[in-house]
Amino acid sequence: MTQSLTIRRPDDWHLHLRDGAMLEGVLPETTRHFARAIVMPNLVPPVVTGAEAAAYRERIMAALPAGARFEPLMVLYLTETTDPADVRAAAASGLVKAVKLYPAGATTNSASGVRDFDRVRGVLETMAEIGLPLCVHGEVTDPAVDIFDREAVFLERVLEPIRRATPGLRVVLEHVTTREGLDYVRGGGPDMAGTLTTHHLIINRNHILAGGIRPHYYCLPVAKRETHRLALREAATGGEGCFFLGTDSAPHADAAKESACGCAGCFTATNTLSILAHVFEEEGALDRLEGFVALNGPAFYRLPPNEERITLRKGEPLVLPARIETGAGPVTLFDPGFPLLWHVES
Ligand code: DOR
Ligand code: ZN
């Protein structure tokens with residue numbers, strides 16, 4: 001029985017770090033284990049221009065814990081007035097590694113996102129030309145579409161037309177939650193990839209709604225029924241190069257989650273690797289963990305994998321705090337619902 005595993009230091013290809021006191025509070029939870037992260041730009045106001053991304057990067061670097069080696073990979077928030085020339089320059093300088101598409105109204109701080117996809121055609125064409133990936137929040141916002149169907153409908157109504165109209169556009173379908181999403185990524189060829197979160201491998205919609213409403217399991221896209229969770233686990237652990245880890249670790253202060261209208265987001269930065277080791281071991285796929293957390297992502301983003309290694313070791317149940325204290329209030333850590341035996345030595 002495997003008791004320890006040494007792998008390349010992982011990266012997180014979808015992470016919310018926020019700003020100010022929250023950034024300071026949550027950043028060490030990621031830098032403890034991860035070398036790099038694709039940093040989401042849905043701040044208030046959003047990170048739209050290259051100059052705003054450079055300034056946000058500076059704030060992240062200033063908040064790094066002493067001695068941490070961590071590279072934030074910056075992302076621009078796509079709006080209908082985004083300037084293609086600014087995107088081109090921000091990518092050429094090496095600062096920006098992706099652009100994020102939020103359909104307006106789809107999720108947290110998405111009000112400045114895209115309503116009319118024709119209005120971002122010029123930016124998308126520039127991105128296809130220079131090979132800059134588009135990270136996609138794949139849900140329609142049509143109130144007539146059931147929330148559990150919004151990802152599947154997005155593929156047909158929005159993503160497929162965009163990809164047909166923009167040959168060569170490189171796309172990451174983020175936080176895939178359905179079998180339909182997985183199959184779409186699988187059929188998308190070398191310009192298409194999908195990220196999978198930690199929490200969607202653990203919870204289905206019953207965890208949120210059965211026996212009481214559990215706001216700390218509420219995120220977007222919302223967890224679907226069990227058949228989808230099983231398909232996600234198969235995709236994560238199956239060794240397919242088009243899938244890699246994007247935790248979507250999304251901290252909100254507890255007061256904002258435990259509310260009559262609670263925010264979406266699961267905070268998983270602290271225990272993600274222990275949870276994933278548990279899942280991969282259960283699936284008999286520990287030898288594929290490195291691909292999922294440290295190789296497939298860099299390959300898609302055309303970056304070298306990390307040279308540094310970390311070791312995961314199995315031991316006594318991990319003792320973690322239920323919540324992380326931050327200057328912006330306590331943030332409850334995602335509870336996988338089972339003891340975690342894999343410790344990360346880094
Ligand atoms: O659960 C989520 N939280 N999904 C998102 O798309 C946004 C994120 C956030 O920023 O809190
Ligand atoms: Zn996110």
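Predicted model: local features only at pLDDT ≥ 70, side-chain atom pairs only at ≥ 80, totals over all residues.

User: How is a pair of aromatic rings described, and how many aromatic pairs does the structure hold?

Analyst: A pair of aromatic rings is described by two quantities, the distance of the centres and the angle of the planes. The structure holds 8 aromatic pairs. In one of them, the ring centres of Trp13 and Tyr301 lie 4.7 Å apart with the planes at 15°, and the pair is therefore stacked, given that planes under 30 degrees apart count as stacked.

User: Where do Trp13 and Tyr301 lie, and is Trp13 buried or exposed?

Analyst: Trp13 belongs to strand β2 (residues 11–15) and Tyr301 to helix α11 (residues 289–301), so the pair ties together parts that are 288 residues apart in sequence. Trp13 has a relative accessibility of 1% and counts as buried, and Tyr301, with a relative accessible area of 7%, is buried as well.

User: What kind of pair do Tyr217 and Phe334 form?

Analyst: Their ring centres are 5.5 Å apart and their planes stand at 65°, so Tyr217 and Phe334 form an edge-to-face pair; the cut-off for that class is an angle over 60 degrees. Tyr217 sits in the loop between α7 (205–209) and α8 (226–237), while Phe334 sits in the loop between β12 (331–332) and β13 (342–345), so this pair ties together parts that are 117 residues apart in sequence. Tyr217 is buried at a relative accessible area of 11%, and Phe334 is buried at 3%.

User: Which residues do ring pairs link into a cluster, and which residue lies over the face of Phe300?

Analyst: The cluster linked by ring pairs consists of Trp13, Phe244, Phe300 and Tyr301. Over the face of Phe300 lies Arg170, at 4.2 Å from the ring centre; Arg205 lies over the face of Phe148, at 4.5 Å from the ring centre.

User: At what angle do the axes of α8 and helix α10 cross, and which residues make the contact?

Analyst: The axes of α8 and helix α10 (residues 272–282) come within 10 Å and cross at roughly 90°, and the two helices are therefore roughly perpendicular to each other. On the α8 side the contact is made by Arg233, Ala236 and Thr237, and on the α10 side by Val279, Phe280 and Glu282. By type, the residues of this contact divide into 3 nonpolar, 1 polar and 2 charged.

Technical notes:
Residues numbered from 1 in each chain as written. Chains lettered and ligands numbered in written order. Heavy atoms only, no water. Phe/Tyr/Trp six-rings, centres within 6.5 Å; stacked < 30°, edge-to-face > 60°. Helix = DSSP H or I, 4+ residues; strand = E, 2+ residues; numbered from the N terminus. Buried < 20%, exposed > 50% of the residue type's maximum accessible area, 1.4 Å probe, protein only. Lys NZ or Arg CZ within 6 Å of the ring centre and 35° of its normal. Axes fitted to C-alpha atoms, helices over the stretch in contact; angles between N-to-C directions. Parallel < 35°, antiparallel > 145°, perpendicular 65-115°, else oblique. Contact = heavy atoms within 4.5 Å. Nonpolar A, V, L, I, M, F, W, Y, C, P; charged D, E, K, R; others polar.
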